[in-house]
Amino acid sequence: MPPGLWLDGTARFGGRALFGPLRFRAGAGQLTAILGPSGVGKSTLLRLFAGLAQAEFTGSFGADDGQPLQGRLALMAQEDGLLPWASTLENVVIGARLRGELPDLPRARALLADCGLEGMDRRCPPALSGGQRQRVALARCLYEDRPVVLLDEPFSALDALTRARMQDLAARLLAGRTVLLVTHDTAEAARLADHILLLSPEGLADCAVPEGPPPRAHDAAAVLATQAALLSRMMAAA
């Protein structure tokens, strides 16, 4: 069973309060979506768990089993972070190579195919579109096969149809893991999340989740109603 995540504290950046005091909890084996207006610290909250936050944080956070998160976590950041001189296949398995492991190339190629990039394993990032680069970054994140996964606007550069397909893929391959998803897309949260939180200058607030297991149908009445309700709450919080 993957661990749940918790955080209690306050974050500041450049002398400005980002959030807090905040009490955050993400259930083990669930996808928790974090929505909110820009500048409230959503990405900072996520990056704290990855050990990459540049903000000043006062408080504590970690896994609810008391064990370190190092080695149990994969991150897909807003920037794809691809090595421009390496092929897509080499980018997907870069983590394994850095750890001195023998990469599983057939599995990496299969993930690229799942992400709609079959036959592109020898291309380098400069030859790819922004959406294709983002899909390579998703394949790289999925390849790591970690129990805790952090996704920061993972599908923002994709067109609507590809985004829906990648959401379905992520829901299938990340099922049973503890996932934090930072997104501005209320439809994405309504389709994918087991738990939805709205972060605003006032703090964190729970939001209703549609019935049924993810990924939910994009045109289901409950999904559309939740999407509209989330958008209204975000507009009020902005």
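The model described here is predicted.

## Three-stranded sheet

Three strands form an open sheet with the order β2-β1-β4 and antiparallel pairing. The edge strands, β2 and β4, each pair on one side only. On average, neighbouring strands of this sheet are turned by 10° against each other, direction ignored. Helix α1 packs on the sheet and touches β1, β2 and β4. The direction of α1 makes about 65° with that of β2.

Strand β1 (residues 5–13) pairs with strand β2 (residues 16–26) in the antiparallel sense over eight bridges. Leu 7 has Phe 24 in β2 as its bridge partner. The hairpin of β1 and β2 has two residues between the strands, and Gly 14 in this hairpin takes a positive phi near 60°. The pairing of β1 with strand β4 (residues 56–63) is antiparallel, over eight bridges. In β4, Phe 57 is the bridge partner of Ala 11, and Gly 62 is the bridge partner of Trp 6.

## Helix α1 and Leu 45

Helix α1 covers residues 42–50, and its buried residues are Lys 42, Thr 44, Leu 45, Leu 46, Leu 48 and Phe 49. An α-helix has 3.6 residues a turn, so residues three or four places apart point the same way.

Leu 45 lies in this helix. Leu 45 counts as buried because its relative accessible area is 0%, the cut-off being under 20%. Leaving out residues up to four places away in sequence, Leu 45 touches Phe 19, Leu 22, Phe 24 and Ile 34. Leu 45 and Arg 97 are 52 residues apart in sequence, and their C-alpha atoms are 29 Å apart in space.

## Six-stranded sheet

A second open sheet has six strands in the order β5-β6-β7-β3-β8-β9, with mixed pairing. Strands β5 (73–76) and β9 (203–207) are the edge strands, and each pairs on one side only. Neighbouring strands here are turned by 20° against each other on average, direction ignored. Strand β3 (residues 31–35) and strand β8 (residues 195–200) run parallel and are joined by four bridges. Ala 33 stands opposite Ile 196 in β8.

Helix α5 packs on the sheet, where it touches β5 and β6 (148–152). The direction of α5 makes about 175° with that of β5. Helix α8 (residues 221–237) lies across β3, β8 and β9 and runs at about 20° to β8.

## Nonpolar cores

The largest nonpolar core has 44 residues, of which Val 92, Leu 138, Leu 151 and Ile 196 touch the most other members. Helix α5 (residues 130–143) gives the most to this core, with seven residues.

With residues up to four places away in sequence not counted, Leu 151 touches Leu 46, Met 76, Cys 141, Leu 174, Val 179, Leu 180, Leu 181 and Val 182. Another core, of 24 residues, lies apart from the largest one. Phe 24, Val 40, Leu 69 and Leu 150 are among the residues of this other core.

## Largest pocket

Rolling a probe the size of a water molecule over the atoms shows where empty space is left. The largest pocket holds about 390 Å³ of space. It is lined by 18 residues, of which Leu 73, Ala 74, Gly 95, Arg 99 and Glu 144 are the closest to its centre. The elements that give two or more residues to the lining are α1, β5, α3 (94–98) and α5.

## His 184

His 184 lies in the loop between β7 (178–182) and α7 (186–192). Why does His 184 count as partly exposed? The reason is its relative accessibility of 39%, since partly exposed lies between the 20% limit for buried and the 50% limit for exposed.

Leaving out residues up to four places away in sequence, His 184 touches Leu 35, Gly 36, Pro 37, Ser 38, Lys 42, Glu 153 and Met 234. His 184 and Leu 231 are 47 residues apart in sequence and 9.3 Å apart in space, C-alpha to C-alpha.

Notes:
Residues are numbered from 1 along each chain as its sequence is written. This is a predicted model: local features need pLDDT of at least 70, side-chain atom pairs count only at pLDDT 80 or more; totals for chains, interfaces and linings use all residues. Side-chain values use heavy atoms; hydrogens and water are left out. Buried means under 20% relative accessible area, exposed over 50%, partly exposed in between (1.4 Å probe, protein chains only). A nonpolar core is a set of buried Ala, Val, Leu, Ile, Met, Phe, Trp, Tyr and Cys residues joined through side-chain atoms within 4.5 Å. Contact means heavy atoms within 4.5 Å. Two strands pair if DSSP finds at least two bridges between them. Axes are lines fitted to C-alpha atoms, for helices over the stretch in contact, and angles run from 0 to 180 degrees between N-to-C directions. On a 1 Å grid over the protein atoms alone, a cavity is a set of points where a 1.4 Å probe fits but cannot get out, and a pocket is an open set with protein on both sides within 12 Å along at least five of seven lines; lining residues have an atom within 4 Å of a point. Grid points are joined across faces, edges and corners, and a volume is the space filled by probe spheres set on the points.
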